[in-house]
Amino acid sequence: MIVSERSEPFAEFYREYAEPLRAGGISFEFIFVVPASGQALLEPLIPLRASGEPIVLFESAENVGEAGLLRSVLTHCSGEVVLVLAAYRRVAASALPLLLQAIDDGADLVVARRTAAGDRAANQVQRRLVHGLVRVLVGGPFHDLGSGVRAIRREVLAELPLYGEFSRFLPLFAIREGFRVQELEVPQHSADRRTRIYSPLIYLRRLIDLLAVYFLIRFREKPLRFFGLVGGLVSLAGFFILVVLGAQRLAGKPLADRPMLLVGVLLFVLGVQGLALGLVGEIIVHAGSKGRKVYRLAPIKPE
Amino acid sequence: MLTITVPVYNEEESVGPMVDAVREALRGWRDDWELLFVDDGSRDGTVGAVQSRMPDEPRIRLIRLARNYGQSAAMQAGFDHARGDVIVTMDGDLQNDPRDIRALVTKLEDGFDLVAGYRERRKDFLVSRRIPSWLGNALVRRVTKVAIRDTGCTLKVFRRELLERLRLYSDLHRFIPALAVAVAGARVAEIPVRHHARRFGRGNYGISRVTKVLPDLITLAMLRRSREHPLQMFAAAGIAALTFALVTSVFAMLAAWDWADNGSVVVLTAVATCWLSLGGFLILAGLIAESSLQTDSDDRQFDGVLLRRIGSL
């Protein structure tokens, strides 16, 4: 399954990636999905489909992001295992059978990790920084969530939060849901060895996504632990300032014309707002707790 | 039927002695029981150890969680899969004694929904376990207003009707009695139980859990007082903030009267605005909380408190 927003020589892409699957005797279909009005991107594939290649083409009616496209297309895919490929050739075609093999060996989701050797130093540094941050915040064994290449059991994919910008963080959610998630080192595609530096806005967006993932994975069931810590510390700081100012007032120093008074009150008010949000969060979690599954069972193998 | 549900995490060595102890304790009293092990994602041979006892004891059941979810989820899984109308929870590490089950069940039949054990003579380390536990219990009592001596003792007996109204998530297993009173109006009793030192392995918790307890306690206290009407609580705090705003505005106006005092006017007006925004925010937050309860009211059974019929029909 390939979800794309940008043009890529898709005919070549298809031929290259289909080859090892066919050679391995694996039955497969390729689903290409493009966002609204991206139909022109798929035109090179139409003759291939006409010649009998197993290709399905979709254009979405609305721009819903990569995870949203995945969710929409899920009902149309007939395989038991879904290979989600990046729209750019990031891993060598020979990686695909390896990923499928890992699923056969019992994993529910396999993340392709591009071997670092040969990649540009700038990419490696970025990757290390980002994944260090991911590990600190959320955990997990990942080194290359950005490869965009994963093999997933279909029924597992259906249970993951497929919305928003979470597609690259799906493996983290899969771990939370108790699925067996694995990272597999595979060769990088030669076309992928270029320095990737993006605009600061993109980095900022990823950082915000990561904050959402961090909160959803660590605190979804206990919002007050997050809001309480932040709000508690901020309101305590404000309270401390107010106590000091109050003591100085008692000692005879005027209070009303000191900007510090404003800082103290503002911090206190901000902190209380954080705490209140946490409490609202707890009420919402509690109100929704009845219908929510708090665990998933694993099958038991007979001895 | 009696269900004994035991969450186990890396308790390979404890499982066998546990099965023997339960069988021994219940022999001659009742036969209609099941022992339900909930494997919480163990990495050792716990599952195999349970399975090896299943052929010669058909009353053993086993479910496995997909990963290590923690004790609350494991207990909830046990409750969801229990077949009994009376359900016992017990630690998997042999610190509780199954011989106490009978006394707990007898007490339950006196008309309680939940009977909790409390460990009279704890066999734990004083500084790392007993003192934090003593402080924690005192805090739980104070905040939740539920008189429980030992909320950390897993050995408890429940009526099924109560468990149908409870939902354990996060780390709520530590506060089951308080939660049961807060959300279901349960009648709770406590009796002393035996406590053994761990025989195998080491405890699966550390002292760090104390830091997580405080937010959970605040949540419980709030659920108990204002689960049905959160706006009341938020609005009370909001009105307090608005009062501060009003008082500060009066001071600002007094300062404005005297134009020479420019600095005070600016600071006091800003301070009043802060309080005003907090008051408005809290009332709006209360409205959101209220609306989240509305979506929940389609399951009356879950929402209702436990009722006791007075007199005969």
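Analyst: Buried means under 20% relative accessible area, exposed means over 50%, and partly exposed lies in between. The model is a predicted one.

User: Among contacts in chain B with a separation of 6 or more, what share comes from residues 24 or more positions apart?

Analyst: A contact here means heavy atoms within 4.5 Å. For chain B, counting contacts with a separation of 6 or more, the share from residues 24 or more positions apart is 80%.

User: How many residues of strand 2 of chain B are buried?

Analyst: Strand 2 of chain B covers residues 33-39. Trp33(B), Leu35(B), Phe37(B) and Asp39(B) point one way, Glu34(B), Leu36(B) and Val38(B) point the other way, and all are buried. The strand is therefore mostly covered under the 20% cut-off, and the count of buried residues is seven of seven.

User: Which residue of strand 2 of chain B is the bridge partner of Leu2(B)?

Analyst: Strand 1 of chain B, residues 2-8, runs parallel to strand 2 and is joined to strand 2 by seven bridges. In strand 2, the bridge partner of Leu2(B) is Trp33(B).

User: Is Leu94(B) buried or exposed?

Analyst: Most residues other than glycine have a negative phi. Leu94(B) is not a glycine, yet its phi is positive, at about 70 degrees. It is found in the loop between strand 4 and helix 4 of chain B. Because its relative accessibility is 7%, Leu94(B) counts as buried.

User: How does Asn10(B) count, at 29% relative accessibility?

Analyst: Asn10(B) also is not a glycine and has a positive phi, of about 50 degrees. The residue lies in the loop between strand 1 and helix 1 of chain B. Since its relative accessibility is 29%, Asn10(B) counts as partly exposed.

User: Which residues does Asp100(B) contact, leaving aside its neighbours within four places in sequence?

Analyst: Asp100(B) lies in the loop between strand 4 (86-89) and helix 4 (101-108) of chain B. With 7% relative accessibility, Asp100(B) counts as buried. Leaving aside neighbours within four places in sequence, its contacts are Leu155(B), Val193(B) and Arg194(B).

User: Which strands stand at the edges of the open sheet in chain A?

Analyst: Four strands of chain A form this open sheet in the order 4-6-5-7, with mixed pairing. Each edge strand has a single partner strand, so one side of each is left without a neighbour in the sheet; these are strand 4 (81-84) and strand 7 (181-186).

User: What is the bridge partner of Val111(A) in strand 6 of chain A?

Analyst: Strand 5 of chain A, residues 109-114, and strand 6, residues 150-153, pair in the antiparallel sense over three bridges. Within strand 6, the partner of Val111(A) is Arg150(A).

User: How many residues apart are Arg180(A) and Asp108(A)?

Analyst: Arg180(A) and Asp108(A) form a salt bridge, their closest N and O atoms being 3.3 Å apart. Arg180(A) is in the loop between helix 7 and strand 7 of chain A, and Asp108(A) is in the loop between helix 4 and strand 5. The pair thus links distant parts of the chain, since the separation in residues is 72.

User: Are Arg114(A) and Asp144(A) buried or exposed?

Analyst: The side chains of Arg114(A) and Asp144(A) meet in a salt bridge of 2.8 Å, N to O. Arg114(A) is in strand 5 of chain A and Asp144(A) in the loop between helix 5 and strand 6, 30 residues apart. Both residues are buried.

User: What N to O distance separates Arg225(A) and Asp216(B)?

Analyst: The contact between the chains takes 44 residues from chain A and 53 residues from chain B. Together the chains bury about 4300 Å², 68% of it on carbon and sulfur atoms. Two salt bridges are found across this interface. Arg225(A) forms a salt bridge with Asp216(B), and the closest N and O atoms are apart by 2.8 Å.

Note on methods:
Residues are numbered from 1 along each chain as its sequence is written. Chains are lettered from A and ligands numbered from 1 in the order in which they are written. Side-chain values use heavy atoms; hydrogens and water are left out. Two strands pair if DSSP finds at least two bridges between them. Helices (H or I, at least four residues) and strands (E, at least two) are DSSP runs, numbered from the N terminus. Buried area is the accessible area (1.4 Å probe) that two parts lose on being put together, summed over both. A salt bridge is a side-chain nitrogen of Lys or Arg within 4 Å of a carboxyl oxygen of Asp or Glu. Buried means under 20% relative accessible area, exposed over 50%, partly exposed in between (1.4 Å probe, protein chains only).
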